[in-house]
Amino acid sequence: MNIEQIRADFPILSETVYGKPLVYLDNGATTQKPECVVRELERIYYTTNANVHRGVHRLSQQATDLAEVARVVVQQFINAPSSREVIFTRGTTESINLVAHSFCQQFCKEGDEIIVSEMEHHANIVSWQLQETIRGIKLRVIPINEKGELQLDELEKLISAKTRLISVTHVSNVLGTINPIEKIIEIAHRNDIPVLIDAAQSIQHLTVDVQKLDCDFLVFSGHKVYGPNGVGVLYGKEKWLEQMPPYQGGGEMIKQVSFKGTTFNELPFKFEAGTPDYPGVIALATAINYIKKIGLDSIKAYEDQLLEYCTDKLTDIEGMRIYGTSGQKCSVISFLVGNIHHYDMGMLLDKMGIAVRTGHHCAQPLMDVLGIEGTVRASFAFYNTKEEIDKLIDGVKRVVGMFK
Ligand code: PLP
């Protein structure tokens, strides 16, 4: 990987913050966009902007073609059997809400259970809690061990005749743990239970093959994979999506509307009510093509080096506590030092030009399990460098010095 060349593709990385070169280590929250993605958005708005699937005129047909090509790019990226199984949404959150709403409406009755884990993002907790209120379902929770790994023996105990779905994250946005989703899917399917994989923190780091995994649903956000904000993906097996009722009503999701009754469009459009963010969808395909060119294997190998380098250097700092010490991790380190509040650490690092995330990371139940309020989180992308990690380490040491 030619990092210098890669960094040149991301103009924002040359920005300064308080007169210092930006060190952007908040990639778990959102990734920066390569110039080709921003240019593609610009190109669509300047040359090809027209509503999709609605017009016979040339611009509308061009925009429609590009958006449908983008669907195929996503399909191939995750190796979905059919583009009918790729639904565009606003992001991971909307994708999970869609499944929670429509799956539960079709398949869940009062007392039925959905299994999640202690390390889920709020999107994969609250979406189901809403269904607890609406439909009387219950959430069961897979615990984690002291390394921040899922306790799979406990999962087996949680499964019962009432279990309707297991919904877990592939990679924890706090601990960085890569969960053994192949094993989880195997256990679930042995019990005839479908599985939703939250790939918000894995799709940008690991090769994801939905056929190999045999997952039933998989969700991710465009903005975390170097694409635009406001666009995301839901992959679902056709056998489930066909049976699930629409999530929202409106244009494009219908076949025929009358006051006597309405029939719905076929997949994937049944789940895409209203005007989609087609420029976003098209630019998401540009982002995917960009990272495919670099190669996810090279990305993972390089990011693993950054993770190891940073972990080693942080560990040397007195009073350092790293949250998430699994042998299977990717691109995320959460930590606290001594009694220094995570906000203080984050604000002082910011003054040095270093952007990290602080707080509960939308994982308050996990914070409760860890017995803390929040952490400082550094999360890496393939455009980060060891020199930037050195700056982080120096910065953390300086803050520690200030609090001595
Ligand atoms: N799931 C995980 C694991 C995440 O890390 C995030 C965002 O940080 C989400 C879900 C929600 O993603 P979005 O806000 O893009 O919908």
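**Entry 1: the ligand.** I began with Thr93 and found that one of its polar side-chain atoms lies 2.6 Å from an oxygen atom of the ligand. I counted this as a polar contact (a pair of N or O atoms within 3.5 Å). For His223, a polar side-chain atom lies 2.7 Å from an oxygen atom of the ligand. In the side chain of Lys224, an N or O atom is 2.6 Å from a ligand oxygen. I then noted that the ligand taken alone exposes 390 Å², of which the protein buries 86%; these areas come from the Shrake-Rupley method with a 1.4 Å probe. Among the residues surrounding the ligand (a heavy atom within 4 Å) I also listed His121, Asn173 and Asp198.

**Entry 2: the basis.** The model is predicted, local features need pLDDT of at least 70, side-chain atom pairs count only at pLDDT 80 or more, and totals for chains, interfaces and linings use all residues. Residues are numbered from 1 along each chain as its sequence is written, and side-chain values use heavy atoms, leaving out hydrogens and water.

**Entry 3: the cores.** I looked up the nonpolar cores, which are sets of buried (under 20% relative accessible area, 1.4 Å probe, protein chains only) Ala, Val, Leu, Ile, Met, Phe, Trp, Tyr and Cys residues joined through side-chain atoms within 4.5 Å. In the largest, of 103 residues, Ile166, Leu218, Phe382 and Val396 touch the most other members. Domain 1 (3-27 + 295-403) and domain 2 (48-292) both give residues to this core, so it lies between them; the bounds come from an automatic or database domain assignment. I recorded a second, separate core of 25 residues, which includes Ile87 and Phe271.

Conventions:
Buried means under 20% relative accessible area, exposed over 50%, partly exposed in between (1.4 Å probe, protein chains only). A polar contact is a pair of N or O atoms within 3.5 Å; within protein, one must be able to donate a hydrogen and the other to accept it, and residues adjacent in sequence count only if both atoms are side-chain atoms.
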